[in-house]
Each structure stands twice: as structure tokens, then as C-alpha cells.
Amino acid sequence: MLVRSMDWAKTPLGDISRWPQSLRTTVSLCLASNFPISLAWGPKHIQIYNDGYWPICGAKHPHSVGQDFSECWASAWPVIGEAFERALGGQTSYLENQRMFLDRNGYLEETFFTFSFSPIQDETGKVGGLFHPVTETTSKMLAERRTRALRDLAARAGKARSLDEAFTLAAQSLSESELDLPFFLCYAVDDQGREARLIAGTGLAAGTGASPRLVDLAAPQEVPWPLTEVVRSHQARQIDDLNVRLGPLPCGPYPEPPKTALVLPIAAPGHERPLGIIVAGVSSRLPLNDTYRAFYDLLAAGVTSAVAIGRAYEDERKRAEALAEIDRAKTAFFSNVSHEFRTPLTLILGPLEDELAEHENPLTPSRRERLDAAHRNALRLLKLVNSLLDFSRIEAGRVQASFEPTDLAAYTVELAGVFRSAIDKAGLALVVDCPAMPEPLYIDREMWEKIVLNLISNAFKHTFEGSITVRLRWCGDRAELEVADTGVGIPESERARLFERFHRVKGARSRTHEGTGIGLALIKELVGLHRGTVRVESREGTGSTFIVVLKSGSAHLPQGQIGKERTLSSSATRAVAYVEEALHWLPETLTTAADAGGPRSRILLADDNADMRKYVQRLLGDRYAVCAVPDGAAALIAAREETPDLVLSDVMMPGLDGFGLLQELRKDERTRTVPVILLSARAGEEATVEGLGAGADDYVVKPFSARELLARVRTHLQIAQMRRAWAKELERANKELEAFSYSVSHDLRAPLRWIDGFSQGLVEECGDTLGAGAQDKLGRIRAGVQHMNALIEGLLKLSRITRTELTRQRVDLSGMVREVASELRRRDTERNLSLLIQDGLVAQGDPLLLRIALENLLQNAWKFTRKKTEAKIEFNTTRADEGAVYCLRDNGAGFDMAYVDKLFSPFRRLHAATDFEGTGIGLATVARVIQRHGGRIWAEGKENQGAAFYFTLGSNN
């Protein structure tokens with residue numbers, strides 16, 4: 001041993017043989033112990049220690065043996081000096097987990113020790129030296145401090161609702177951890193990976209040489225941090241030359257600036273490149289050992305978890321905004337459709353009403369009957385169009401009610417009476433029970449007309465025997481309108497969605513399947529404008545009662561709209577249109593099937609500890625349906641039998657452990673996206689890093705607080721529910737469009753056939769006897785019908801393109817263009833046109849959809865070159881980075897490039913209808929076909945010099 005081999009004669013203690021017995025005995029006890037012990041003996045406090053103590057000395061060993069204790073540990077003297085002096089005075093001192101800075105490896109190092117100083121009496125009875133047992137607790141104290149930092153990070157940053165907020169909260173949380181993180185910077189990487197933006201930081205002011213606000217990741221030199229390399233490699237980088245790279249950094253907590261930093265990627269699962277990068281400084285008074293490095297890995301994992309949650313919320317918010325934008329676009333679309341329909345309807349109704357009002361040359365009974373039928377169906381068509389227009393205007397916020405004090409009972413009786421003839425004809429009884437109200441009620445008369453007539457119309461549609469009752473009651477401070485029937489009733493599972501637009505009750509017996517599906521939704525909106533409510537009470541097979549509640553007085557209404565001129569007059573329909581429509585429902589019935597509802601969120605809990613299972617089950621059971629199993633194998637079986645909404649699993653279980661369960665769940669398509677939270681009873685940071693790295697959505701260390709677990713479960717369920725809701729909204733949006741397409745095909749085309757048929761019959765039977773004026777009117781009627789049919793056909797084609805399943809096969813585009821061109825030449829034999837088609841153009845695509853696209857493009861070019869004496873159309877291709885680019889070019893009318901963004905929108909026309917006919921749907925149809933193939937389409941043009949349409953067909957070409 002070093003103590004025995006040392007020449008003590010050269011020290012103040014002298015040769016060992018001359019040491020007093022008290023010193024010899026103490027040294028013997030010290031050297032025989034494995035516990036770290038040091039002795040300080042004599043006036044010079046000469047230090048003697050055993051083999052257990054020398055690792056504490058670090059690089060000072062072995063020179064510290066025989067050294068003055070106070071000189072050896074001068075850097076720690078502010079902490080230990082008082083206890084040392086007190087022991088020399090005969091009083092033992094004990095200190096626990098004392099923080100001190102030791103200069104034992106060439107720098108001041110932050111350390112923690114538990115130790116004591118005990119006096120040792122020599123042969124004279126005085127204090128000859130000190131007995132100093134010591135335990136280093138640095139690892140323990142640092143681990144506790146870092147665990148607190150990570151826990152605070154998870155608690156605070158886990159509340160983030162965006163990526164930027166996650167970084168900001170993380171920096172705020174870690175600002176209190178400067179002893180381990182002298183500085184901390186958070187950079188967000190843009191979606192293209194082109195630049196990194198400083199979001200938040202601590203320890204360094206933003207915008208300095210060490211903390212630039214914006215970093216160009218495409219720059220050839222990386223200053224000051226290797227962010228580009230970390231983004232590309234997804235690997236952390238350690239920077240050891242900060243003084244050389246950046247100079248002394250102005251950050252605490254010590255006078256010595258940090259010399260090392262770590263640059264770590266924030267790579268969330270499911271993302272191609274890191275969402276961000278963190279730059280974390282290393283303490284100048286701590287060694288960067290494996291434990292310290294693991295803390296940084298766990299820190300990155302904690303920030304990644306917070307960023308992933310924040311980004312998920314951000315994505316869901318963007319999806320919600322996208323849904324809202326889709327909804328607004330859909331409302332605008334319906335409004336545009338309605339306006340487009342109203343133009344030809346005006347051209348149809350005007351001449352029809354002129355003919356029916358003719359007195360100088362009265363119509364024969366047969367002619368009047370036909371024109372009456374045409375007029376009736378035109379009114380029915382107008383009613384449908386106006387309903388769509390009203391609804392779109394309400395949703396767009398462009399409607400304001402005009403509330404007038406009204407005798408509600410008298411007005412309601414008047415409206416209900418309109419339906420009496422139709423109800424009597426159906427063999428039903430109409431009961432009107434509307435006693436006078438004690439005071440007038442403020443209503444918009446046109447809106448109230450729509451509410452009452454739609455409710456009675458709905459009751460008539462679904463009632464086959466019995467009665468329809470219209471009842472008005474005064475209830476103190478409000479009036480209640482009840483429209484009750486003895487019809488088929490409404491299944492309970494359907495009532496929650498009854499007032500949703502385009503929703504139809506499946507399985508409901510009905511007189512007709514006609515209608516847009518917006519009647520009840522329109523009622524709800526109109527009642528809402530009155531600040532009222534509408535509800536339904538129903539029993540399947542017995543009947544339904546719709547109840548509208550309006551408050552008395554006007555205090556609850558917008559004061560600026562009381563007595564104000566109404567704005568719905570342009571779309572109001574005559575009540576007779578409702579009755580005429582109802583009379584044509586009498587022979588029709590329809591029966592379909594119904595749906596049902598679903599259970600609470602289901603959580604699958606796997607833990608081999610029975611008490612833990614019961615605790616967690618009890619904790620979550622009030623809010624969720626919890627299925628508890630004892631191990632991973634049982635959890636996997638349960639998950640495959642019925643997919644849970646969330647899996648909560650212990651890490652260490654017999655058989656299949658938590659990591660194994662996570663791996664199996666991620667392999668199975670049915671459970672791949674199910675959120676998984678791992679619970680760990682294992683100490684250490686590596687397990688947490690491993691769990692998050694394996695794909696767990698969250699990692700909770702036992703013991704955990706009930707509030708923390710509930711919050712984490714709730715957060716991940718909400719994120720999962722938002723994803724599912726998003727998918728359902730898309731499905732519902734598609735169904736709404738399909739319902740609208742069906743309405744267009746069934747409800748709009750039928751009356752047009754009547755109008756066209758009667759008009760044609762008149763021409764054939766009375767053509768020679770009709771005057772020039774009558775023939776002109778009939779011609780305008782038929783032209784309006786044909787234009788309307790073209791609009792409907794275009795809309796149906798546009799809708800079918802969206803719903804049709806896309807199949808890819810080899811398509812001869814050159815041959816297809818020649819076929820379409822030949823058909824156009826057969827229709828228009830007088831055209832002198834040069835057609836240049838490149839040979840051998842083939843593509844992978846859906847032949848039916850591509851035929852529709854090419855037909856529309858060629859018809860478009862054919863139409864707009866009509867006025868050219870030397871018309872030319874070309875079809876060819878070029879190659880680009882995205883593959884083949886196909887081009888159809890003409891030298892026709894062209895267009896102003898200022899309007900190119902509107903070119904592919906439905907009903908967008910850049911030329912007057914008198915110059916070039918068309919519906920405004922063709923190019924929108926082409927764009928939809930190209931988008932279905934994963935390609936893109938764009939156009940170039942110049943007025944009177946032609947146009948060129950370019951398109952690609954996705955990655956398969």
C-alpha cells in the first residue's frame with residue numbers, strides 16, 4: 001500500500017516507527033476498512049487515507065497523501081472549513097449531501113458529499129487529529145435534480161397546443177436548470193428542411209453570434225452550429241471547441257464559460273425529417289460522462305414528446321380550418337349552382353307565364369294543361385333552388401331577418417290552411433288548434449312561412465293514416481308551435497342527426513325520396529335567427545312532434561333588425577309550390593335501413609401487478625371503459641379481438657413485456673395507430689429513451705400522480721378522437737356531395753323532362769297554327785331547357801368523377817385524341833381545322849376518366865377556334881422532373897393570364913355566353929380527373945392568340 005511504501009520521514013509526521021500509538025492504531029483501522037476514510041494528523045493536518053478514499057482525490061492522488069488537508073481541499077473549504085475547525089475543538093460534525101466544488105481533475109467540479117469530522121485524542125488527551133469518513137453522493141444528487149427538471153418539462157411543455165408553444169414552454173421550464181444547462185436553444189425546421197428558425201431559448205440572448213434567429217440550412221458553411229448535418233443525419237453532434245468556434249459565451253451560472261455543447265434532433269414518429277433541433281450547453285463544472293449524456297438524450301425525448309403533441313394539435317387545428325374552408329367553398333358552390341340554375345329558370349318561367357296569361361289568343365284546354373304542368377314543375381324546381389340558395393346565404397352570414405310584431409295565431413292558421421286540400425286528398429285529417437295569443441310576436445314573416453310549410457310538408461311526407469295537427473300554445477313568456485303527426489316516427493338512433501343538412505333518416509317510410517335533405521336543417525337555421533329553439537319528440541311507428549319555441553317581446557332579438565326591410569324576398573317561394581309538390585307525392589313510398597350508436601372510449605390496461613391494475617382501473621373507470629389484463633400476451637389477444645382507443649401498458653411483465661407488446665401492436669394494421677402509453681417501474685433513463693424510441697406515444701414513470709395519468713390519457717384520447725373525427729368529416733362531406741348529386745339527378749331532371757316534353761308536343765301538334773310570337777317563346781323555353789340539361793349533365797359528370805373508383809392501365813392517349821377528334825369532325829363537317837397529334841403517346845391511367853378529360857379539352861379547343869379561318873390544334877408531350885408533361889394547344893380566342901387562377905373553377909367563364917356557349921364546368925371536370933390521377937394541370941394563354949393546357953398524370957408516368 002502507498003501509506004506503507006511512503007517515506008514519512010520527509011513529512012512533519014516523521015518516520016512511522018516514531019508515530020504515537022494513537023496514530024498507529026487509527027491508521028491501522030483506516031487502512032483495514034473498505035469505506036472511504038481520511039485522517040488529518042498533527043499541527044500541519046497531514047492527510048492519510050485508504051484505498052477507498054483515493055478515487056475521491058482524482059488526479060491529486062498520490063501526491064495528496066501526506067499533504068496538508070486544508071491545502072489539498074482548499075477549493076472545498078467554504079463548505080467544510082467550519083466543520084473541520086469545530087472538530088479540532090473537540091466537537092464532532094456531520095454533514096449530509098453537501099454541495100461543494102473540488103479542484104481534483106484540473107478544474108472546479110460540482111460535487112456532493114456526506115461526511116463527518118471526528119476528533120482523535122492522542123496520548124496526552126488532547127486532539128491529535130481528525131477522523132474523516134466520507135461518501136460521495138454526486139451521482140445521486142445530480143440524478144434527482146435532473147429527474148425534477150425532466151418531470152417539470154413534461155408537466156409544463158406537455159400542455160402545448162402548437163410546435164412553437166411546445167418549444168417556448170420547454171425553454172421556460174429548463175430556464176430553472178442552468179446548473180446542468182447553462183444555455184438552451186430551440187430551433188424549428190420548416191417543412192421543406194430549408195431553414196431553421198429560433199423559437200425560444202434560455203441562457204443566451206436571441207440574435208447573437210451563438211444564437212442566430214434564422215439559419216439557412218442550404219448555406220455551404222454552418223455557423224455557428226452544425227444544424228444541417230443534424231437534420232440530414234438525424235444524429236446528435238457534440239461540439240467541444242466552443243471557445244475556438246464562438247469565443248467565451250456570456251452565460252452563467254459560473255465564471256468559466258461552457259466549452260462543450262450538444263446539438264440534438266427533435267424527430268417525431270411519422271415525420272420524414274426532424275421537426276426541430278435543440279442546442280444544449282454542457283456545464284463547465286461537470287464531466288460529460290455517460291450519465292450526463294443520457295440526460296441530454298432523455299431531455300431531447302421529452303421535448304420531442306411535447307413537440308409531437310403540440311404539432312398534433314396544430315395539425316388538427318389546421319385540418320379543422322381546412323374543413324371550415326371546404327365548408328365555405330361548398331356553401332359558395334351551392335350558392336353559385338343556385339344562381340346558375342335561376343338564370344335558365346327565369347327564361348323558362350317567363351315565357352310560360354306569358355303563355356298562360358295570354359287573353360287575345362286563349363290556349364286550348366289541352367295546351368293549357370301541358371303548360372300548367374310545365375309551369376308547376378318549373379315552380380317546384382325553383383323551390384328546390386331557392387332552398388339551396390337560402391341555406392347557402394344563411395351559412396355565409398349574408399341574411400338578416402326583419403322582425404315585425406305579428407298575430408302569430410292568425411298567420412299560422414292561414415299557412416296551415418294552404419295544405420288542407422292535399423291532406424284531405426290523402427285521406428288524412430288536418431287539425432288546426434291555434435287560439436289567439438295574448439300579444440303579437442316578433443317574427444320574420446317570410447322565414448316563419450318557410451318554417452311552418454316545411455314542417456307540415458315533412459309531416460305529410462311521412463304520414464299515411466291518421467292526422468296532422470298544427471297547435472300553437474302560449475307558455476307564459478314564450479309561444480310554442482307543435483306540428484304533430486301519426487306517421488312512421490323516427491328511430492332513436494337517428495334523432496341526434498335529424499337537423500343536419502343532407503341527412504336522411506334511413507329506414508323511414510316516406511311518400512317520396514325526393515328532396516335535397518336540407519328542409520329540417522333550414523328550419524333549424526331560420527328558428528335560430530329568431531333566437532328560438534326547435535326539437536323533436538318521436539316514437540318509431542307512432543308519430544313525431546316538432547316543437548318550435550319563440551320568446552315573447554323583442555329584447556332577445558338584434559335591435560337593428562326589428563322592423564328592418566327583409567332580405568329574403570328574392571328567394572321566397574309561394575306557398576302553392578309546397579302544395580303542388582305534396583300532391584305529387586301521394587302514390588310514392590320508400591323504405592331503407594337504419595344505423596345505431598357506439599360506446600365510451602375503451603382503454604386496454606396491461607399490468608402484471610393486481611393492485612396496480614385495480615388502482616388504474618378504478619382511477620380511469622369513471623370516465624372510460626377499462627379492460628384490464630395481467631400481461632402483454634393477454635393484452636395483444638384483447639386488442640386484436642376488439643381494437644381499443646388507447647393502450648396503457650407496464651414495461652416489465654412476464655412473457656411478452658411492454659416493449660414486445662408495443663412492437664406487435666405497431667405491426668398490426670388494425671392497431672398500428674392506437675395510442676400507447678408505457679408505465680415503467682424501472683429506475684434509470686435508458687428505459688425511457690428506449691420506450692420513446694420504440695414508438696410509444698408517451699412514457700410515465702411510477703410512482704405517478706393520478707392527475708398526471710388522467711391528463712396524459714385524456715390528451716392522447718383527444719388527439720386520437722380528432723384524427724377519427726377528421727376522417728368521419730371527410731366521409732360525411734363526400735356523402736353530402738353524393739346526396740346533392742342524387743338530388744340534382746332525381747329532383748331537377750324530372751321537371752325538365754316534363755317541360756321539354758310538353759314544349760315538344762306543342763310544337764309537333766300546333767306548330768302550323770302557332771303565331772310567330774308563340775313559336776319564339778316555345779323556342780326560348782326549349783333553349784333554356786337544353787342549357788339546364790347541359791348544366792345538370794356537367795354537374796353529374798363532375799360528381800361521378802369524384803366517386804368513381806380509379807383504375808390504372810395502359811392508355812393510348814394519341815389514339816384516344818384521334819377518336820375524340822373524329823367524333824367532333826362528324827358533328828361539325830364544315831370546320832376547316834388542322835389537327836397535329838404526336839404519335840405513340842401512352843400513359844398509365846383510368847381510360848374512362850382520361851377519355852372524359854380529353855373530350856373536354858378538345859371540345860374546349862374546338863369551340864374557341866371556331867372564329868379562326870385557319871384553326872390549329874396540337875397534342876404532344878415533353879419531359880420534366882415530374883415525368884411526362886402533356887400539352888394540348890390551340891390558336892383560338894385565348895384568355896387574359898390575369899384570370900388564369902379562376903380557369904379551373906366551376907362556373908367560371910372568361911368569355912360572354914353570346915360569344916361562346918358552354919356551362920363553365922368542362923375545365924373543372926378536367927382538373928378533377930387530373931387530380932384523381934395525382935397529377936397537376938395548368939394553362940398559358942394570350943387573348944386572340946390561343947391557349948395551351950399542360951398536365952401530368954402522377955408518379956406512374
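Start by selecting strand 3 (93–103), strand 4 (108–121) and strand 5 (127–136): each of these strands gives at least two residues to the lining of the largest cavity. The model is predicted, and its average pLDDT is 84, with 86% of the residues scoring at least 70.

Next, show the side chains around that cavity. The lining consists of Y53, I56, F69, W73, A76, I80, M100, L102, F113, F115, H132 and V134. Colour them by class, and eleven come up as nonpolar, one as polar and none as charged. The space they line has a volume of about 110 Å³. In total, three cavities of 30 Å³ or more are counted in the model.

Now go to helix 25 (residues 847–864) and helix 26 (residues 922–932). Their axes lie 9 Å apart, and the two helices pack at an angle of about 145°. The crossing of helix 25 with helix 26 is left-handed. To see the contact, select L849, L850, I852, A853, N856, L857 and N860 on helix 25, then G922, L923, T925, V926 and V929 on helix 26. Eight residues of this contact are nonpolar, four are polar and none is charged.

Finish with two stretches to view with caution. Over residues 565–573 pLDDT stays under 50, and the model has 33 contacts beyond four places in sequence for them. Residues 588–598 also stay under 50 in pLDDT, with 29 contacts beyond four places in sequence.

Note on methods: Residues numbered from 1 in each chain as written. Predicted model: local features only at pLDDT ≥ 70, side-chain atom pairs only at ≥ 80, totals over all residues. Heavy atoms only, no water. 1 Å grid on protein atoms, 1.4 Å probe; cavity = no way out; pocket = protein on both sides within 12 Å on 5 of 7 lines; lining within 4 Å. Points joined across faces, edges and corners; volume = space filled by probe spheres on them. Helix = DSSP H or I, 4+ residues; strand = E, 2+ residues; numbered from the N terminus. Nonpolar A, V, L, I, M, F, W, Y, C, P; charged D, E, K, R; others polar. pLDDT = per-residue confidence, 0-100. Contact = heavy atoms within 4.5 Å. Axes fitted to C-alpha atoms, helices over the stretch in contact; angles between N-to-C directions. Left-handed = near helix turned anticlockwise from the far one by under 90°.
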